[in-house]
Amino acid sequence: MDNRPQWGTRAGFVLAAIGSAVGLGNIWRFPGTAYDNGGGAFFLPYLFALLTAGIPILIMEFTIGHKNRGSAPLSYARVRRGSEWMGWWQVIIAFVISTYYSVIIAWAMSYSVFSFNLSWGKGSTVDFLVSDYLKVSKAGEMGSLVPGVLIPLIITWVVTLAILFAGVKKGIEKANKIMIPALVILFLIIVVRAVTLPGAIDGLNAFFKPNWDMIAKPQVWVAAYGQIFFSLSIAFAIMITYSSYLPKKSDITNNAFITGFANSSVELLAGIGVFAALGFMANQQGVPVDEVVKSGVILAFAVFPEIINQFPALNELFGFLFFFCLVLAGLSSLISIVETFIAGVQEKFQLSRKASVAIGGGLSALISLFFATQGGLNFLDVTDEFINQFGVALAGLFEVVFFAWFVKQLNPLKQHADAISDIRLGAWWKICLSIITPVVLGYMMYGKLKERII
Ligand code: PHE
Ligand code: NA
């Protein structure tokens, strides 16, 4: 036996995996992505990506981590010498994400406080704090640190690193056991409120109205796969790292299904909540819903405050609930992102856990200051876009091709998973990973590259 840390309970692992998956991507990214890519019709590519890539890869990553008992670089190295770099690539993507993801959490934190007296601005979207910051970057300047974000950013990092310091069981597991149930309850309260607002139904109609022409477009499929990869935290080395802490007897396949469906449920719920709220706002302003739809930074930090300002009652409470949910969802994901690279660094350089938390986390915290400046804010959506459309899908493509075709590990992995799981993996699992996912991802990448070059 090595002295690798271990999860205390099955629920602890599943909640941590769900905690990683359910994040800002569910709340602020999914609704707008679905809307832009065909509305109701988007569910087709989305479900296809979930069932043929999301869950199969999740099962694969859980098995890789469990079998090789190492974070991504070490696990890859154990599968085949010389392939460690693939793990490092994923670790680096995770690192980059942590530098801006933390800033969004900090924003959400300061907005939770603003909500006590609705001090995030008044009137129409253009008057909001965030719009001022975005204006600066348009002029191409860096601007200064966004006021009010430094302290929450420090708090975000202190909390995250403190949890990671405490270790896998006493830190990560314990934190998720509190944060995830709390998140689900609070989020449900907001969604129920949103769908009972006047005009909510118009928002839902706009969200679910299918635009079938869209599904013939490659970029819609890119968006669906990108959303699934980002949202399920796969191809980032995270799920490999988390599952490397599983005890010997663990029902891998079942856990993957639970994580996948839990994440998509929150995504659907968020879509409903966000669009119900947008419908309400359109109704208040007497304009069509299509005119008020936004996503990303603007949705969360300009449109939402505006909506909450117009709530018929308890504005402060709902404002707080919304932004506090963003904080909970974000923190539980950030913990997993940082765990990935500190675990990689720790194993590589034989450091103590605390030392690698301090070094890796410290470095990311430092870089995150860039995204906390006025100019950095503008880079945030762009970086997010780039990471998702290229970094992740490419890493995912490499990963499946590597395991299915290069080292031909799908059979041994299947045996490993089947021996400890309730559900046995059928032929579908291998077909998805060896054929469907590589073909779709390869075609997508080809289409994307062509688009850029021509
Ligand atoms: N899955 C998280 C979300 O939906 C984000 C995330 C991305 C977490 C990458 C870990 C790694 O927001
Ligand atoms: Na997610």
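## Ligand shell

In this predicted model, five helices, namely α1 (10-21), α2 (24-36), α5 (84-114), α10 (218-231) and α14 (315-349), each contribute at least two residues to the shell around ligand 1. That shell consists of 16 residues, and the closest to ligand 1 are Gly23, Gly25, Ser231, Ser233 and Ser333.

Sorted by class, the residues around ligand 1 comprise 8 nonpolar and 8 polar ones, while charged residues are absent from the shell.

## Overall fold

The chain is built with 18 helices and 0 strands. Its radius of gyration is 21 Å, close to the 22 Å that the globule rule gives for 454 residues, and the chain is therefore as compact as a globular protein of that length. Taken along the principal axes, the box filled by the C-alpha atoms of the chain is roughly 60 × 50 × 45 Å.

When contacts between residues at least 6 apart in sequence are considered, 86% of them join residues that are at least 24 apart.

## Buried residues and the nonpolar core

Of the 454 residues in the chain, 55% are buried. The largest nonpolar core holds 154 residues, and Ala94, Tyr225 and Leu326 are those with the most contacts inside this core.

Which residues does Tyr225 touch, if those up to four places away in sequence are not counted? The contacts of Tyr225 on that basis are Ala49, Ala53, Ala393, Leu441 and Met444.

Notes: Residues numbered from 1 in each chain as written. Chains lettered and ligands numbered in written order. Predicted model: local features only at pLDDT ≥ 70, side-chain atom pairs only at ≥ 80, totals over all residues. Near = placed C-beta within 6 Å. Helix = DSSP H or I, 4+ residues; strand = E, 2+ residues; numbered from the N terminus. Nonpolar A, V, L, I, M, F, W, Y, C, P; charged D, E, K, R; others polar. Rg over C-alpha atoms; globule rule 2.2 N^0.38 Å. Buried ≥ 20, exposed ≤ 12 C-beta atoms within 10 Å, placed from the backbone. Contact = placed C-beta atoms within 7 Å. Core = buried A, V, L, I, M, F, W, Y, C linked by C-beta atoms within 7 Å.
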